Amino acid sequence: MQPSFGEAGPLGFADDTDLQDEPLGGPGDLEEPPPPAYDSVVLQSTVVKEPASTSGRPAGSGTYGVPINSEFDIRVTDPVRQGEGVAAHVTYKVITRSSAPGYRPQTEVIRRFRDFVWLQRRLRREYRGVIVPALPEKNVVEKYKMTTEFIEQRRAALTIFINRAAVHPALKASPDLQLFLEASETEFAIEMSRTQADEPPASTPQGAAKKTLASAVGFLRDLSHTASNLYHKRSDDEEEDAEYLKVRAYVHELERHLGEAHRQAARLVRHQAELGEAVREFGASMAALGRYEESGVVADGFGQLGERAEAVSKLCASSSASLAAIFEAPLKEFVRTVAAAKKVMADRSAALQAYQQARTDVDAKRARLAKLRGTPGVREERVAEAERDLGDAQQRAEAAKATYETIVQRMGVELDRFQRERAQEMGYVLRDFALAEARLAGDTARVWASLVPGGVPAGA
């Protein structure tokens, strides 16, 4: 299917109308030329080779951090910019090859960032307690600039997101995931509109009003629950498993330390690039000095020094780009993954709180019913109404209990999986980093040593 180009239409489709107002002539003038082929407007080639790893890390499907998946090979490629200014957005081609039951062998669809957001929200709602893979952060400033670097970083992160969802033992069975990977643009937009009908976006007046009301009601309930806990000198965590509380504290600390590690990794990448530029400028100055000298040993020495400095500069630039891919980017992805785990933990706490509030409501309604039954002269209608209220409250409490227990059960498996996979991937990343630095040091030493007649003495 050919994508549409231009400004977004009523359902998020691009408007195919020609932007130039020209007078209409004969019937032939009513026909508009077809939109250009998608491949002809791709911003950049995204046939990305995965950085080489000598640490024993299994190769993924084209992007560092993408897990091996025997049933799916999903590529997010060929970004195309649509629209201008604030309304500008980028669409991507999502290519899926699959051997999973019920899936087509190969599909190609066009998706934009908000489509990935929709999928993530659906997965979180349907699989509470599961650590749904993280998406790249929204950045309004970078989105407005639409730099090549920003688009490529987002494309790579989207590739990791969709592949991790497809390899997850629970999420890969999601009908929403299959819809995302296989439905045409029209079919997907219709389904998105249908699923969002009951929940208007916050950007609309209805959605904003609903969100405000829900926030107000939730705030009052939380306030009442907190006051009750203070009065009875208890905490929500008293009902939580002690081992889980230790893991939760660990995850919160892990996020802070990983965030600092990522900042330092980014600083190291910048330093490597700056070092390469400094060596290049130094080499240029040495070459210029050699040209100033008269021909001879001194002039040749300066010239050779400039050539070696240029070679080292290229090594530093290559190493900086490699470190960004095999070290900084994975650390950033680790930070996102830990944030995703924290979100599930927050949802678990909210589910426990909802269950506790439901039990409190049951106790209050049971006390009210007992009071009515013990009061002489109370009409039967009031007692019957109180009995119905108690029954409804008990049903809500049972539903809240079931939700909380489901989340706890799923998280038991998820946290074990999370810790095992993160530890393994972190080991690969750290070893790849060490090997890359060692390789750079060895290559640099050999370049400089070539200036020394007879080579560098042993032990020097």
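Q: In which hand, left-handed or right-handed, does H1 pass H3?

A: The model is a predicted one, in which local features need pLDDT of at least 70 and side-chain atom pairs count only at pLDDT 80 or more, while totals for chains, interfaces and linings use all residues. Residues are numbered from 1 along each chain as its sequence is written, and side-chain values use heavy atoms, with hydrogens and water left out. A crossing is left-handed if the near helix is turned anticlockwise from the far one by less than a right angle, and right-handed if clockwise; here H1 passes H3 in a left-handed crossing.

Q: At what angle do H1 and H3 pack, and how far apart are their axes?

A: Two packed helices are described by the angle between their axes and the distance between the axes. The axes are lines fitted to C-alpha atoms, for helices over the stretch in contact, and angles run from 0 to 180 degrees between N-to-C directions. Helix H1 (residues 113-126) and helix H3 (residues 148-167) pack at about 30°, with axes 12 Å apart, which makes H1 roughly parallel to H3 (under 35 degrees is roughly parallel, over 145 roughly antiparallel, 65 to 115 roughly perpendicular, and the rest oblique).

Q: Which residues make the contact of H1 with H3?

A: Contact means heavy atoms within 4.5 Å. On H1 the contact is made by Phe113, Phe116, Leu119, Gln120 and Leu123, and on H3 by Arg154, Leu158, Phe161, Ile162 and Ala165.

Q: How do H1 and helix H4 pack?

A: H1 and helix H4 (residues 175-182) pack at about 165°, their axes being 9 Å apart, and H1 is therefore roughly antiparallel to H4. The crossing of this pair is left-handed. Asp115, Phe116, Trp118, Leu119, Arg122 and Glu126 in H1 meet Asp176, Leu177, Leu179 and Phe180 in H4.

Q: Is glutamine 82 buried or exposed?

A: Buried means under 20% relative accessible area, exposed over 50%, and partly exposed in between, with a 1.4 Å probe and protein chains only. Glutamine 82, which lies in strand E1 (residues 72-82), counts as buried because its relative accessibility is 3%.

Q: How many helices and strands does the chain have?

A: Helices (H or I, at least four residues) and strands (E, at least two) are DSSP runs, numbered from the N terminus. The chain has 9 helices and 3 strands, and buried residues make up 38% of its 460 residues.
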